[in-house]
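Hello,

Here is the structure I promised to pass on to you. Please open it alongside this email and follow along as you read.

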Amino acid sequence: MTEVKRLCLGDYQANCYIVSVGPQAAVIDPGEFTPELESAVAGLKVRYILLTHGHFDHIGGVPELKALTGAPVAVGAGDADMLGDPDKNMSGDLQPESFSCLEPDILLHDGDVLDLGGSRIEVIATPGHTPGGVTFIIDDCMFSGDTLFNLTFGRTDFPGGDENALFRSIEKLTKLPGDYAVLPGHNRATTLSFERRNNRACRHFGGLS
Ligand SMILES: [Zn+2]
């Protein structure tokens with residue numbers, strides 16, 4: 001039985017998700033290390049720290065969380081250099097203090113599968129918001145980072161952004177069979193079936209009727 005807990009962390013209220021299967025857990029996008037996050041992982045064996053992309057508001061809590069749990073940090077290969085580069089992770093522009101994180105331990109590619117207590121963590125490359133952005137699928141949950149949001153989609157005006165790539169990534173997600181709970185990097189959850197019908201990004205590839 002997979003359980004998902006959401007915390008809203010940092011000045012930009014990025015969604016951090018703690019996904020647990022029994023005692024094993026993955027933490028997705030720890031944007032800030034807070035007592036709330038520390039208590040949310042207490043008693044869990046954190047197997048992975050998973051990053052949907054390398055922007056500072058999604059990675060700010062990585063060093064402390066890794067120090068606490070020893071879990072490897074996984075990020076899309078194309079975003080690996082953002083962690084240690086304040087200009088690329090945007091903290092140089094958008095934060096009072098620029099932020100440089102540690103080296104990732106696992107570089108993710110499209111189609112990779114990680115094991116979490118017998119559940120599959122599937123990696124789908126979803127570039128566009130950043131070059132190496134990824135979406136994670138665990139059971140019927142889709143963790144879409146800053147690619148697909150409730151009724152909208154991620155910005156592409158940051159360094160490395162690519163609007164055409166973003167629309168192709170969203171098309172790829174919406175063409176997956178079946179339905180998923182979509183748990184984005186900011187704001188409220190939605191479902192893939194709702195976004196297929198209502199998200200204006202789908203106009204770009206004719207998916208919106
Ligand atoms: Zn972002």
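Below is what I found, going from the whole chain down to single residues.

One thing to know before you start: this is a predicted model.

**The chain as a whole**

The chain contains 6 helices and 14 strands. Its radius of gyration is 16 Å, close to the 17 Å that the globule rule gives for 209 residues, so the chain is as compact as a globular protein of that length. Along the principal axes, the C-alpha atoms fill a box of roughly 50 × 40 × 25 Å. Of the 209 residues, 50% count as buried. The accessible surface comes to about 9100 Å², and carbon and sulfur atoms hold 49% of that area. If you look at contacts with a separation of 6 or more, 56% of them are between residues 24 or more positions apart.

**The sheet and its helix**

**Salt bridges**

Side chains of opposite charge can pair when their charged atoms come close. A search of the whole structure gives 6 salt bridges, and here are some to look at.

Asp-110 and Lys-172 meet through their side chains in a salt bridge, at 3.5 Å from N to O. Asp-110 lies in the loop between strand 6 (106-108) and strand 7, while Lys-172 is in helix 5, so the pair ties together parts that are 62 residues apart in sequence. Asp-110 is partly exposed at 47% relative accessibility, and Lys-172 is partly exposed at 36%.

Another salt bridge links Lys-88 with Asp-81, with the closest N and O atoms 2.7 Å apart. Here Lys-88 is partly exposed, with a relative accessible area of 35%, and Asp-81 is partly exposed as well, at 42%.

Arg-155 forms a salt bridge with Asp-157, and their closest N and O atoms are 2.9 Å apart. Arg-155 counts as partly exposed at 47% relative accessibility, whereas Asp-157 is exposed, with a relative accessible area of 53%.

**A closer look at Ile-28**

Leaving aside residues up to four places away in sequence, Ile-28 touches Asn-15, Cys-16, Tyr-17, Val-19, Leu-50, Thr-52, Phe-136, Ile-138 and Phe-143. For a distance across the model, the C-alpha atoms of Ile-28 and Ser-91 are separated by 19 Å, and these residues are 63 residues apart along the chain.

Enjoy exploring it, and do write back with any questions.

Best wishes

Conventions:
Residues are numbered from 1 along each chain as its sequence is written. This is a predicted model: local features need pLDDT of at least 70, side-chain atom pairs count only at pLDDT 80 or more; totals for chains, interfaces and linings use all residues. Side-chain values use heavy atoms; hydrogens and water are left out. A salt bridge is a side-chain nitrogen of Lys or Arg within 4 Å of a carboxyl oxygen of Asp or Glu. Buried means under 20% relative accessible area, exposed over 50%, partly exposed in between (1.4 Å probe, protein chains only). Helices (H or I, at least four residues) and strands (E, at least two) are DSSP runs, numbered from the N terminus. The radius of gyration is taken over C-alpha atoms; the globule rule is 2.2 Å times the number of residues to the power 0.38. Contact means heavy atoms within 4.5 Å. Accessible areas come from the Shrake-Rupley method with a 1.4 Å probe; for residues, only the protein chains shown count as cover.
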